[in-house]
Amino acid sequence: MKFSPSLQRATLIQRYKRFLADVTLPDGSERTIHCANTGAMTGCATPGNPVWYSTSDNPKRKYPNSWELTQTAQQHRICINTARANALAVEAIENGTIKELQGYERLQTEQKYGCENSRIDILLSAQSKPNCYIEVKSVTLLDEAQNQQKGQGYFPDAVTTRGQKHLRELTEMAQSGSRAVLLFTVLHSGIEKVSPAHHIDADYSQLLKTAIENGVEVLCYKATLNEDEIALVEPLNFRC
């Protein structure tokens with residue numbers, strides 16, 4: 001996914017009201033930009049850190065700029081725009097990067113499914129095999145102190161009843177004979193492996209364990225991140 005034009009740099013003042021952030025531009029002026037992230041953003045929104053934002057040409061937007069990347073004191077880059085995760089996943093499937101999800105004839109997004117009125121992020125289908133239901137999640141929480149493991153990433157970064165529902169839906173699909181996949185898109189350059197955040201959401205962690213026992217697959221792919229482009233490029237290990 002290329003940014004055209006390239007992202008512009010600023011310095012974070014604060015994130016507030018969940019969807020807004022104030023930044024200082026290189027000329028010293030201040031600007032309010034949109035933050036497309038409803039999560040806790042732990043470690044991703046420290047005042048004073050460099051950030052990069054995109055600019056929309058939609059004249060109807062109240063805030064034309066969107067916060068895309070941040071850089072931590074450890075020089076890690078993070079894509080905080082969770083709306084990018086699905087598009088990155090689609091791109092990586094279509095260009096062959098995610099080898100485990102090849103061989104399908106049709107790719108659809110936001111399709112209704114399940115008993116809890118959900119929409120699956122990606123649905124792959126082919127005449128010769130069962131449908132493949134893919135739920136996409138972005139991983140941005142790096143917590144090396146939790147188990148003293150370097151590069152340890154976790155999901156979720158806050159209690160997620162919506163994520164719990166998605167796991168129940170995926171489990172239902174797997175039990176019915178379809179293929180069900182939970183795809184973690186790792187959007188933090190410092191994360192080298194991923195685990196469920198039992199210390200944050202024990203219910204999600206238990207549901208994920210149950211999902212895996214019932215045939216749900218877990219894939220993790222890490223992104224490369226810069227002001228010109230972000231893209232999923234390599235698989236990472238997942239440990240439940």
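Which residue in strand 3 does A21 stand opposite? A21 stands opposite I33. The model is predicted, so local features need pLDDT of at least 70 and side-chain atom pairs count only at pLDDT 80 or more, while totals for chains, interfaces and linings use all residues. Residues are numbered from 1 along each chain as its sequence is written, and side-chain values use heavy atoms, with hydrogens and water left out.

Helices (H or I, at least four residues) and strands (E, at least two) are DSSP runs, numbered from the N terminus. Two strands count as paired if DSSP finds at least two bridges between them. Strand 2 (residues 20-24) pairs with strand 3 (residues 30-34) in the antiparallel sense, over five bridges. The two strands form a hairpin with five residues between them. In the turn, G28 has a positive phi of about 95 degrees.

Next comes helix 2, residues 161-175. The expected span of a helix is 1.5 Å times one less than its number of residues. For the 15 residues of helix 2 this gives 21 Å, and the end C-alpha atoms are 21 Å apart, which agrees. After the helix comes G177, whose phi is positive, near 105 degrees.

Which residues of helix 2 are buried? They are G163, Q164, H166, L167, E169, L170, T171, M173 and A174. Buried means under 20% relative accessible area, exposed means over 50%, and partly exposed lies in between (1.4 Å probe, protein chains only). An α-helix has 3.6 residues a turn, so residues three or four places apart point the same way. The buried residues of helix 2 pack against strand 7, strand 8, strand 9 (129-139), strand 12 and helix 3 (202-213); contact here means heavy atoms within 4.5 Å.

A salt bridge is a side-chain nitrogen of Lys or Arg within 4 Å of a carboxyl oxygen of Asp or Glu. By this rule there are seven salt bridges. R168 counts as partly exposed at 36% relative accessibility, and E116 counts as partly exposed at 30%.

In another salt bridge, the side chains of K2 and E229 meet at 3.3 Å, N to O. K2 is in the segment before strand 1 (8-16), and E229 is in the loop between strand 14 (217-225) and strand 15 (230-235), 227 residues apart. K2 counts as exposed, at 64% relative accessibility, whereas E229 counts as partly exposed, at 28%.
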